[in-house]
Amino acid sequence: MSDFLRDYLNVVWFSVAALAIGGLLLGLAAAIRPTFPSAEKYIAYESGVDPVGMGWSQSQIRYYVFALLFVIFDVEAVFLFPWAASAERYGTFGLVVMLIFIVLLLDGLFYAWKRGLLRWV
Amino acid sequence: MHQLAVEIPYWGQSIFRVLGGLVAVLLPAGGIVYLFLFKMMSFMQSRLGPMEAGPFGSMQLLAEVGKWLQKEDIQPDNADKTIFKMAPVVVLLSTFLLIVVVPFGPDAFFADLDAGVFYFLAVGSVSVLGILMAGWSSANKYSLLGGLRAAGQLIAYELPMVLATLGVVIQAGSMNLNRIVEVQNTGEIFGIGILGNPFILTQGVGFLIFMIAVQAELTQPPFDMPIAESELVSGYMTEYSGFRFLMFFIAEFATAGVFAFIASVLFLGGWGVPFTWFGWENLDDVAWWMNVVGPLIMFTKMMGLVLIIMWVRFSSPRFREDQLQTFAWKFLIPLSLANIAVTAILKVVF
């Protein structure tokens, strides 16, 4: 097996170890802890007041626009990384192209800003 | 990969690495909780902190774990039980996956990933998934609000972190964290090559942005709206009790340690000591002893950075939700884009 695959196999071993540790500790806790069930205990805790309605109540998500903006910016950051890792090799040409790209990014951000998308709506 | 003096079979190496990883996650977490959360916080608030268990309360951690193990496990009737149980494990898993990429010495790394920077940025976001799962599955209005706030905050501060890291990648010319450490310790600054160049000197702005983003990603005050105990009763953790709560708690401080490790790799020269010359014309000459000294140096740097994180945590009030978003989108992101542009120009021109 190549070194490349082995390094990623280590990632798998680490996740297995994390799950094992979590399972082990939770299992130990399950073996030790007491259980005295009563109906009141299993009501959702909302500062001692009986909850009104369902826990999954509708609420206004104020920043859904930010989530969209985030996706755009994150994808564009992905395009920046390969150039960044070899910025010297691409030289002035790569620099100019990428600076135009970054300015476009900034322009998009300022456009969203001007449209008033970056405020508490 | 350098040759080890003793040839160890792959399965032996793997066990060795996983054990090392456990130590690298849990030892900093314990150290941070005892030194900073118990003792430093107490001294800053003019009290002694835990004093009963062991000398100066040093056994307090064991006592706490023993206590949490014996707590009753309460799951609300309305909760989505499967996801409710999975959420703390997902958060803990994210921490363990993060440590994989951190190099502690020339050979003392867990995995030598060429796309290391990508990897830690990607895996670091897995904890958001766990937090959203916890917030949604609890069927509690506080938890739901806390989970949504956490998602909004982590989205907003993921970007400055990505862009601040981009500056380091431009300067190092590599996304491999081992390579980034080498470049910092063998590189030159202002034409003087023998001292090395920890990137905090040339990427100071990036370092500041990165640390602010780390503070927000860890939901430490002043960015702790998702867990705001005075208004949301610990947000997404409201319904958790017993050991599942403790897993969230351990993961929070272990992640603080791991992010401090990553920050010291990216900006403080990793396992090398800045401004000292190790005779690094040939890395193999120092490899045999740097493998032992490197982890100690990394641990020192990590504790120093966590000290700053905790200092800010203990001494600052909470932001408002919209202030937090405004700060990220209107200040940090334009600043980090400008930082990238300046870094790239200087890198190519000089």
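Colleague: How far apart do the C-alpha centres of domain 1 and domain 2 of chain A lie?

Modeller: This is a predicted model, where local features need pLDDT of at least 70, side-chain atom pairs count only at pLDDT 80 or more, and totals for chains, interfaces and linings use all residues. Residues are numbered from 1 along each chain as written, chains are lettered from A in written order, and side-chain values use heavy atoms, without hydrogens and water. Domain 1 covers 1–35 and domain 2 covers 61–121, with bounds from an automatic or database domain assignment. Their C-alpha centres in chain A are separated by 37 Å.

Colleague: Thanks! What radius of gyration does chain B have?

Modeller: The radius is taken over C-alpha atoms, and the globule rule is 2.2 Å times the number of residues to the power 0.38. For 350 residues a compact globule would come near 20 Å, and chain B agrees with that at 21 Å.

Colleague: How many helices and strands are in chain B?

Modeller: Both are DSSP runs, numbered from the N terminus: helices are H or I with at least four residues, strands E with at least two. Chain B has 12 helices and 0 strands.

Colleague: Is Leu346(B) buried, partly exposed or exposed?

Modeller: Leu346(B) sits in helix α12 (residues 321–349) of chain B. Buried means under 20% relative accessible area and exposed over 50%, with partly exposed in between (1.4 Å probe, protein chains only). Because its relative accessibility is 43%, Leu346(B) is partly exposed.
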